[in-house]
Amino acid sequence: MTFSKDRSAGYLANHMARLFFAGLSRRIRPLGLAPAQFMVLLELWEEDGLSQADLVARLDVEQATMANTLARMARDGLIDRQPSPTDRRARLICLTARARALRPQAIAAAQAQNSEALAGLSTAEQAQFLALMKTVIATMQKRRDASPGPGGAAE
């Protein structure tokens, strides 16, 4: 059996993700945002005051990557870190007024990118495509979470 990148879900998903990333970057750059910051903002616009650990889990990124992104966001005046009222060791990531004000423009930019990318599909095909992507993501997350950790047993 030969490998064909044109029939590889992984290759095609990666290629599509890179194109989405480039398009979103171009659209939100004028707002002073990078895609990684936008992903964090999406989470905080839904629920402000999350911990760094919450964001790592929700966005499925490495701790160090999140720490760097949050440092840039604090530098850029998008977030403040506040002490957690329930855990003295934790700090909560809270939106600034600047970040809250960017929401309508940033969401419009993402919607425009999504609309452009999916323009070749009918409304029904778009819904089916999104549902299938969610199914694949859930399957991969379930398998990842059930796979053995470094010690050989499921964690």
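Helix axes here are lines fitted to C-alpha atoms over the stretch in contact, and angles run from 0 to 180 degrees between N-to-C directions. The model is predicted.

**Overview**
- The UniProt record, an unreviewed entry, places the feature "domain: HTH marR-type" at residues 1-138.
- That span is 66% helix and 9% strand.
- Its end C-alpha atoms lie 28 Å apart.

**Helices H1 and H2**
- Helix H1 covers residues 9-28, and helix H2 covers residues 35-46.
- Their axes come within 9 Å and cross at roughly 85°.
- Angles of 65 to 115 degrees count as roughly perpendicular, so H1 is roughly perpendicular to H2.
- H1 contributes Phe 21, Leu 24, Ser 25 and Ile 28 to the contact.
- H2 contributes Pro 35, Phe 38 and Met 39.
- By class, the contact residues are 6 nonpolar, 1 polar and no charged.

**The sheet**
- An open sheet is formed by 3 strands, in the order E1-E3-E2, with antiparallel pairing.
- Strands of a sheet pair through backbone hydrogen bonds.
- Strand E1 (50-51) and strand E2 (79-83) stand at the edges.
- Each edge strand has a single partner strand, so one side of each is left without a neighbour in the sheet.
- E1 pairs with strand E3 (residues 91-95) in the antiparallel sense, over 2 bridges.
- Ser 51 has Leu 92 as its bridge partner in E3.

Terms used: Residues are numbered from 1 along each chain as its sequence is written. This is a predicted model: local features need pLDDT of at least 70, side-chain atom pairs count only at pLDDT 80 or more; totals for chains, interfaces and linings use all residues. Side-chain values use heavy atoms; hydrogens and water are left out. Helices (H or I, at least four residues) and strands (E, at least two) are DSSP runs, numbered from the N terminus. Angles under 35 degrees count as roughly parallel, over 145 as roughly antiparallel, 65 to 115 as roughly perpendicular and the rest as oblique. Contact means heavy atoms within 4.5 Å. Ala, Val, Leu, Ile, Met, Phe, Trp, Tyr, Cys and Pro count as nonpolar, Asp, Glu, Lys and Arg as charged, and the others, Gly among them, as polar. Two strands pair if DSSP finds at least two bridges between them. UniProt positions are given in the numbering used here, feature names are shortened, and annotations may be inferred rather than shown by experiment.
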